[in-house]
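Dear colleague,

Here is the structure that I am handing over to you. Please have it open while you read the notes below.

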Amino acid sequence: MGKKQTEAGTCELCLREDTDITVHHLTPKEMGGTFLPTAKLCIPCHKQIHALYTNAELAVRLNSIGLLQQDDKIGKYLKWIRKQPSTKLTKAKKSNDRKSKGR
């Protein structure tokens, strides 16, 4: 597995500008999303999504930016990260729900 490529831009989820951006498959590749739509996310938001949700959840009910932005689980995080400088990198911890599911 290689290092993910980044570019500077605006995160489609938190809307912070001039931050390192990675490509997020809105439907995970392992769930058939290889050629489906993607979103440009900052590294902290990308990590937080995968810490909070399983790939199955992302594929079935959170496969768009709008659906992610409306979800309560990530809502508090988005409110907080929007206030942070675009250079801030954060650590993401797996949610208790994800820990109990074993993945």
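The notes below go through the sheet, the loops, the core and the cysteines in turn.

Please bear in mind that this is a predicted model, in which local features need pLDDT of at least 70 and side-chain atom pairs count only at pLDDT 80 or more, while totals for chains, interfaces and linings use all residues. Residues are numbered from 1 along each chain as its sequence is written, and side-chain values use heavy atoms, with hydrogens and water left out.

To begin with the sheet, three strands form an open sheet in the order S1-S2-S3, and their pairing is antiparallel; strands here are DSSP runs of E of at least two residues, helices are runs of H or I of at least four residues, and both are numbered from the N terminus. Strand S1 (7-9) and S3 are the edge strands, each of which pairs on one side only, where pairing requires that DSSP finds at least two bridges between two strands. On average, and with direction ignored, neighbouring strands of this sheet are turned by 55° against each other, the angles being taken on a scale from 0 to 180 degrees between N-to-C directions of axes, which are lines fitted to C-alpha atoms, for helices over the stretch in contact. S2 and S3 run antiparallel and are joined by five bridges, and His24 has Ala39 in S3 as its bridge partner.

Turning to the loops, Leu15 lies in the one between S1 and S2, and its phi is near 70°, a positive value in a residue other than glycine. Asp18 also has its place in the loop between S1 and S2, with a positive phi near 55°. Most residues other than glycine have a negative phi. Leu15 is exposed, with a relative accessible area of 52%, and Asp18 counts as exposed at 61% relative accessibility; exposed means over 50% relative accessible area, buried under 20%, and partly exposed in between, with a 1.4 Å probe and protein chains only.

Thr27 sits in the loop between strand S2 (19-25) and strand S3 (38-42), yet Thr27 is buried, with a relative accessible area of 12%. Leaving out residues up to four places away in sequence, Thr27 touches Gly33, Leu36, Pro37, Ala59 and Asn63, a contact being heavy atoms within 4.5 Å.

The largest nonpolar core has 20 residues, and those that touch the most other members are Cys11, Leu13, Cys45, Ile49, Tyr53, Ile74 and Leu78; such a core is a set of buried Ala, Val, Leu, Ile, Met, Phe, Trp, Tyr and Cys residues joined through side-chain atoms within 4.5 Å. At least two residues of this core come from each of S3, helix H1 (43-52), helix H3 (65-70) and helix H4 (72-81), and H4 gives the most, with four residues. H1 is mostly covered, since eight of its 10 residues are buried, among them Cys45 and Ile49. Beyond its neighbours within four places in sequence, Cys45 is in contact with Cys11, Leu13, Cys14, Tyr77, Leu78 and Ile81.

How many disulfides does the structure hold? The structure holds zero disulfides, a disulfide being a pair of cysteine sulfur atoms within 2.5 Å. Cys14 is in no disulfide, and the nearest cysteine sulfur, that of Cys11, is 3.7 Å away. The sulfur of Cys42 is too far for a bond, because the closest cysteine sulfur, in Cys45, is 3.5 Å from it. Cys14 counts as buried at 3% relative accessibility, and Cys42 is buried at 0%.

With best regards
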